[in-house]
Amino acid sequence: MKVAVLGFGTVGVGVYEMLKNAPALEAGPVLVRPGKEDTGFKVSSIAAITSDPEVGAVAEVMGGTHPAYEYVSAALEAGKHVVTSNKALVAAYGPELAKLAADHDVAFLFSAACGGGVPFLHNIALAVESDRIKSLGGILNGTTNFMLDAMQSRFMSYPDALAEAQALGYAEADPTADVSGLDALRKIMLACAVAYGQLPDEGLCREGIESITADDVNHFQSKGLTCRLVTSGGLSENGSLFAYIEPVLFPASAPECSVLKNFNMAKYDGENAGRIVLMGQGAGRWPTASAVVRDLCDILHGRRIMMKPDCLRVAADNSSCAHSYYVRLPESEISRLPVEKAECFEGVARVITKPLSVLEMHQIAAELRKEGGSLFFAALGE
Ligand code: HSE
């Protein structure tokens with residue numbers, strides 16, 4: 001199958017090189033910006049690809065929602081299979097694109113959009129055919145995991161750790177999406193859509209690592225704790241969907257502590273299978289390109305659907321998930337929290353709360369910040 005590649009950045013170059021060596025696949029034209037068509041295989045018009053009868057599939061790795069949405073729609077309407085690594089695109093337009101693919105009897109797969117080389121969505125799509133998934137999530141952003149690991153093990157400052165993650169090609173073009181948790185939140189939206197046929201796009205709670213300081217990391221280390229940015233999704237007992245992201249503190253015995261550098265740890269709990277854990281590189285050229293090519297091979301094996309064409313958009317409800325939190329905040333604001341214990345020094349309080357819901361904790365943090373207060377919080381993990 002001849003594959004056209006949309007985009008020739010970090011992932012696009014990797015996909016193109018892998019296609020040249022994949023036995024059942026062939027590298028086709030590559031879409032680049034006008035003026036960048038410096039060699040024969042590059043084109044700058046999507047029509048050159050959609051009208052090419054030899055092209056059987058399109059790999060969209062350009063990122064961003066526009067013009068990616070228009071290009072992917074055009075490819076599907078032209079009867080080309082599409083695979084993409086673009087989580088922003090699928091989080092925003094997944095249901096429409098899944099329906100368009102079904103209407104034209106072609107595949108729309110996006111395993112590379114969640115977990116880099118880790119076959120998370122690939123396995124969830126298989127698992128839902130035989131089991132009920134109770135919950136899913138894990139460490140799904142390579143950039144922030146790299147940064148948290150570097151801050152803890154190499155005592156790097158936050159800006160230096162971010163700069164190194166960018167230089168290694170892990171971060172998004174705008175790394176705000178990584179450090180704010182938006183990138184991983186989009187991934188959990190996709191995972192829920194695959195697992196439950198429901199895309200949660202409202203009511204999501206999001207806390208990234210932008211507020212963490214070297215002092216916080218030192219404090220965690222002195223207590224034998226490791227901080228990781230963790231996404232969680234699943235079905236509550238009342239049948240509603242929960243979906244959120246927040247930093248979590250783990251004791252040394254937790255497997256999350258051994259997730260280093262740009263690695264991801266994705267997991268899901270099947271009603272019958274129990275817990276399944278997948279670990280691997282969640283970002284970078286070759287891991288992500290490998291997931292794109294894996295989806296293309298899956299198409300050759302007959303897979304067409306990852307998100308059902310009737311996938312619904314729903315609001316998440318994070319009011320029934322509860323745990324204790326570590327919160328660092330001004331000592332003067334301590335009464336805002338249900339305090340279990342607190343350490344105060346020079347006007348700064350480090351509090352362990354009594355259990356409170358994810359929704360409540362994120363609301364308290366938002367209110368405090370609105371009033372100009374600065375804080376960092378992390379759930380206490382097991
Ligand atoms: N910026 C993303 C990450 C790339 O760091 O995980 C892979 O999705």
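1. A helix crossing is called left-handed if the near helix is turned anticlockwise from the far one by less than a right angle, and right-handed if clockwise. Helix 1 passes helix 11 in a right-handed crossing. Helices here are DSSP runs (H or I, at least four residues; strands are E, at least two), numbered from the N terminus.

2. The model is predicted: local features need pLDDT of at least 70, side-chain atom pairs count only at pLDDT 80 or more, and totals for chains, interfaces and linings use all residues. Residues are numbered from 1 along each chain as its sequence is written, and side-chain values use heavy atoms, with hydrogens and water left out.

3. Contact (heavy atoms within 4.5 Å) joins Thr10, Val11, Val13, Gly14, Val15, Glu17, Met18 and Leu19 of helix 1 to residues of helix 11 including Trp286, Val292 and Leu296. By class, the residues of this contact are 10 nonpolar, four polar and two charged. Nonpolar means Ala, Val, Leu, Ile, Met, Phe, Trp, Tyr, Cys and Pro; charged means Asp, Glu, Lys and Arg; the others, Gly among them, are polar.

4. The largest pocket has a volume of about 1,100 Å³. Of its 47 lining residues, Val61, Met62, Gly63, Glu172 and Ala173 are the closest to its centre. A pocket is an open set of points on a 1 Å grid over the protein atoms alone, where a 1.4 Å probe fits, with protein on both sides within 12 Å along at least five of seven lines; lining residues have an atom within 4 Å of a point. Grid points are joined across faces, edges and corners, and the volume is the space filled by probe spheres set on the points.

5. The lining of the largest pocket comprises 18 nonpolar, 20 polar and nine charged residues.
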